[in-house]
Amino acid sequence: MTNATAGRRPSTFSYILMTILGWTAALVMFFPIFWMVMSAFKREIDAIAVPPLFVFEPTLENFAAVQSRANYFGAAWNSIVISVGSTILGTLLALPAAYAMAFYPGRRTKDLLLWMLSTKMMPAVGVLVPMYLLFKNAGLLDTRTGLVLITTLANLPIIVWMLYSFFKEVPGEIIEASRMDGAKPFQQFAMVLMPLALPGIASTALLSIILAWNEAFWTINLTAANAGPLTAFIASFSSPEGLFWAKLSAASTLAVAPILVFGWMTQRQLVRGLTFGAVK
Amino acid sequence: MAKLQLQGIRKRYGAVEVVKGIDLTVNEREFVVFVGPSGCGKSTLLRMIAGLEEITGGTLLINGERVNETAPDKRGLAMVFQSYALYPHMSVGDNMAFALRLAGVPKEARDRKVQEAARILQLDSFLDRKPGQLSGGQRQRVAIGRAIVREPRAFLFDEPLSNLDASLRVQMRIEIARLHRTLGATTIYVTHDQVEAMTMADRIVVLNGGIVEQVGTPLELYHAPANLFVATFIGAPKMNILPATARSGKNGATLLDLEGSGPIEVPGDASLQDGQPVSVGVRPEHVSLAESGLIGGSVEIVEHLGDETLAYVMLAPGRMITVRVAPDADVEVGDRVSLAVRTEAMCLFGADGRALRVPNLRQPRPRQVALA
C-alpha cells in the first residue's frame with residue numbers, strides 16, 4: 001500500500017528535482033528564440049558585441065531595413081497559401097486513404113504504411129536534381145502551385161499516419177452499426193466517422209500547417225523572388241554581403257512570429273490531438 | 001417476421017476454420033440463444049448472419065431467399081452490439097432515427113416511430129440527450145430502440161448485457177424477454193453466460209470449437225445433454241461427472257462400479273458391455289444425504305447460499321461431488337456422509353463423451369412460443 005502510494009506520488013525531493021530539470025530543458029530550448037528576438041531589436045554593432053549585451057537601447061531600424069530590402073508581406077502571403085493549400089490538399093488525399101487502411105485493411109496495409117513513412121527517412125537532397133528537372137519541365141519552378149504540390153507530397157505520409165491512428169481509435173462497432181443502419185461507405189465516412197474523428201483531423205491539419213510553414217529545403221531550392229515563402233525570405237538575408245545578425249534576427253522573428261502565435265492559440269487542440277484519446 | 005436457415009455455414013480465416021459447417025433453422029418468432037465458451041465461433045456466426053462477415057461456405061436463407069451476398073442493411077436484420085455502438089455525436093432520438101433517415105423516411109413518420117420505441121423502452125424523457133449523458137442500462141435501451149424502429153425481420157444481439165453490472169443485467173434480461181414477447185420478433189442472441197441462455201431462450205444452440213454440440217430447449221439441455229460438454233456447460237453448479245465401469249448384474253440389470261465406491265444399479269436398458277468405461281453424470285440436486293446411501297465420503301466445503309446449501313464431498317482422493325442439500329441441513333466440514341443418487345435422473349456418457357442414455361426424468365414439454 002505504502003509502496004503503491006509512493007509509486008504514484010513522487011517525493012518532495014524528486015518533485016523539486018523534476019521541476020528544476022523541466023525548467024532547465026525548457027529554458028535551454030527557448031533561449032535561442034529569446035536571443036533571436038533580443039537581437040532583432042539591437043543595432044548591428046550591439047548584436048555582435050562581446051561579451052553579449054543584455055541591456056541595450058532597443059531599435060526598430062532592423063525591421064524597417066528588412067522590409068525595405070525584401071517583400072515581407074509577399075513572402076508571408078506565399079507562406080500562408082502554401083501551408084494552407086498543402087494542408088487542404090493533403091488532408092483531402094489522406095482522409096480516404098487513412099479510412100480505407102483503418103477500416104478495410106488488406107494483407108499489405110501495414111507494409112504500405114511503413115513504406116509511406118520510409119519515404120520521409122530518405123534525404124530529400126537525394127532527389128533534388130530529378131525534382132528540379134521535373135519542376136523545370138513542368139513550368140512549376142518558383143510558382144506557388146508547384147510549392148503547394150511538393151509540400152503536400154512531403155507531408156502526406158505524416159498526415160496519413162496521424163489520420164490512420166485517429167481512425168483506429170474509433171470503435172469498429174460504431175461503423176458496423178451504421179452499416180447495419182444502411183449507411184453507404186461515403187455516408188459512414190461523412191455522417192459517423194468524420195464527426196467522431198474531427199478533433200483528430202483538426203490537430204492533424206494544425207500540425208500539417210506548421211510543418212508546411214517551416215518547410216525550408218524545397219522552398220529555398222525551388223523558388224526565387226516570386227513564390228518564395230518566409231523560409232526563403234530568411235535565407236535571402238544570410239549570404240551575399242556577409243552576415244548582418246540583427247537584420248537576420250529581425251527577418252527570422254518576423255518569419256516565425258505568425259506560426260508561433262498560431263501554435264499558441266491552437267496549443268490546446270494540438271496537445272489533445274497529439275496525446276490521442278481524442279475520440280473517447 | 002423471418003425464418004432463418006443456416007445450411008452448412010462455414011467461416012475460414014486463412015487456414016484456420018472457426019465455424020465448421022453449421023446447420024440450423026430459426027423459426028419465426030423464436031428466441032434462439034447461441035451459447036458457448038469464448039472462441040467457440042458464436043459471435044462470428046452471428047456476424048455472418050448480420051452480413052458483417054463474409055460467409056466462406058454454405059448457404060444462409062432468410063424466408064427461403066439466399067442472402068449470402070446481400071448487404072447488411074438489405075437483409076432486414078437489426079443488431080444490438082456488446083459496446084452498444086451508439087453514435088456519440090447524435091442525440092438519443094437521432095441515434096434511433098438514423099436508419100430511417102438513411103432510408104428516406106419522412107420526418108413525421110420518423111418521429112412517430114422513434115416516439116413509439118421510446119415509449120416502449122421508457123426513454124421518452126431522454127430523446128434530446130447525448131449517449132454520453134446516459135447510464136449503461138439506458139444506453140443499452142437506446143441500442144435496442146435503434147433496432148426496434150427499423151421494424152426488422154429479426155433481431156440479433158451480440159452479448160448485449162456483458163458490459164452491465166450484475167443487478168442491471170438481471171433487470172435487462174427480463175426487459176429483453178418481455179420485449180420479445182411484446183414484439184414477437186425472431187431473435188438470435190449470443191452470450192457466453194449459460195444463465196442468460198437458460199432464462200431467455202426458446203431454444204439454445206450450444207457451440208464449441210466451431211461446431212454445434214446440441215440444439216434444444218433449456219430443459220432438454222439441462223436434463224438430457226447430448227454429450228459431456230453440454231452436460232458440464234449448462235447448469236450451475238456444474239453436473240457431477242464420475243468415472244465408472246459397467247458390469248452386468250442379476251436379472252439383466254446393468255451395474256456401474258464407481259471409482260472408490262460400491263456399485264450403482266442403472267434402471268432400464270442401457271445396453272452397456274461388460275467392462276465398458278463410462279462417465280456418470282448426476283446433477284447436484286439429484287444427490288442427497290441418506291442414512292445408508294450408495295456412495296460416501298467426507299465433507300470438504302459447505303457453501304450456504306441462503307435458499308440452498310452446497311456441500312462438496314470428497315468421495316476418493318481428487319474425486320469431488322457437489323451435493324445440493326436443504327438450507328437447514330445438518331452438514332459440517334469434516335463430516336462423514338452417505339449419499340443417495342437418484343439413478344433415474346443419471347446421465348451416462350461413453351468414452352467419446354457422447355450420451356449413452358437419456359434419463360427418463362420428466363420430459364420437458366415443448367414451449368408454447370416455439371410452436372407459434
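Reader: I'm looking at H2(B) and H3(B). Is their crossing right-handed or left-handed?

Author: Two packed helices are described by the angle between their axes and the distance between the axes. Keep in mind that this is a predicted model. Here, the crossing of H2(B) and H3(B) is right-handed. H2(B) covers residues 92–102 and H3(B) covers residues 107–120; their axes come within 10 Å and cross at roughly 135°.

Reader: What does that angle make H2(B) and H3(B) to each other, oblique or roughly antiparallel?

Author: Over 145 degrees would count as roughly antiparallel, and the crossing is at roughly 135°. H2(B) and H3(B) are therefore oblique to each other.

Reader: Which residues of H2(B) and H3(B) meet?

Author: From H2(B) come Gly93(B), Met96(B), Ala97(B), Leu100(B) and Arg101(B). On the H3(B) side you'll find Arg110(B), Lys113(B), Val114(B) and Ala117(B). Sorted by class, this contact has five nonpolar, one polar and three charged residues.

Reader: On to strands. How do S9(B) and S10(B) pair?

Author: The general idea first: strands of a sheet pair through backbone hydrogen bonds, either parallel or antiparallel. In our case, S9(B) (residues 203–208) and S10(B) (residues 211–216) pair in the antiparallel sense, over five bridges. To find your way, look for Val206(B), which stands opposite Gln214(B) in S10(B).

Reader: And what do S9(B) and S10(B) form, with how many residues between them?

Author: A hairpin, with two residues between the strands. Check Gly209(B) in the turn: its phi is positive, about 55°.

Reader: Which strands make up the open sheet, and in what order?

Author: Six strands of chain B, in the order S13-S12-S11-S14-S20-S21, with antiparallel pairing. At the edges stand S13 (263–266) and S21 (355–357) of chain B; each has a single partner strand, so one side of each is left without a neighbour in the sheet. Ignoring direction, neighbouring strands of this sheet are turned by 40° against each other on average.

Reader: Where could I look at the pairing of S20(B) with S21(B)?

Author: Go to residues 347–349, which are S20(B); this strand pairs with S21(B) in the antiparallel sense over two bridges. Phe349(B) has Ala355(B) in S21(B) as its bridge partner.

Reader: Zooming out, how many helices and strands does chain B have?

Author: Nine helices and 21 strands. The C-alpha trace of chain B spans about 80 × 45 × 40 Å along its principal axes. Of its 372 residues, 42% count as buried. Among contacts in chain B with a separation of 6 or more, 65% come from residues 24 or more positions apart.

Terms used. Residues numbered from 1 in each chain as written. Chains lettered and ligands numbered in written order. Predicted model: local features only at pLDDT ≥ 70, side-chain atom pairs only at ≥ 80, totals over all residues. Axes fitted to C-alpha atoms, helices over the stretch in contact; angles between N-to-C directions. Helix = DSSP H or I, 4+ residues; strand = E, 2+ residues; numbered from the N terminus. Parallel < 35°, antiparallel > 145°, perpendicular 65-115°, else oblique. Left-handed = near helix turned anticlockwise from the far one by under 90°. Contact = placed C-beta atoms within 7 Å. Nonpolar A, V, L, I, M, F, W, Y, C, P; charged D, E, K, R; others polar. Buried ≥ 20, exposed ≤ 12 C-beta atoms within 10 Å, placed from the backbone. Pairing = 2+ DSSP bridges.
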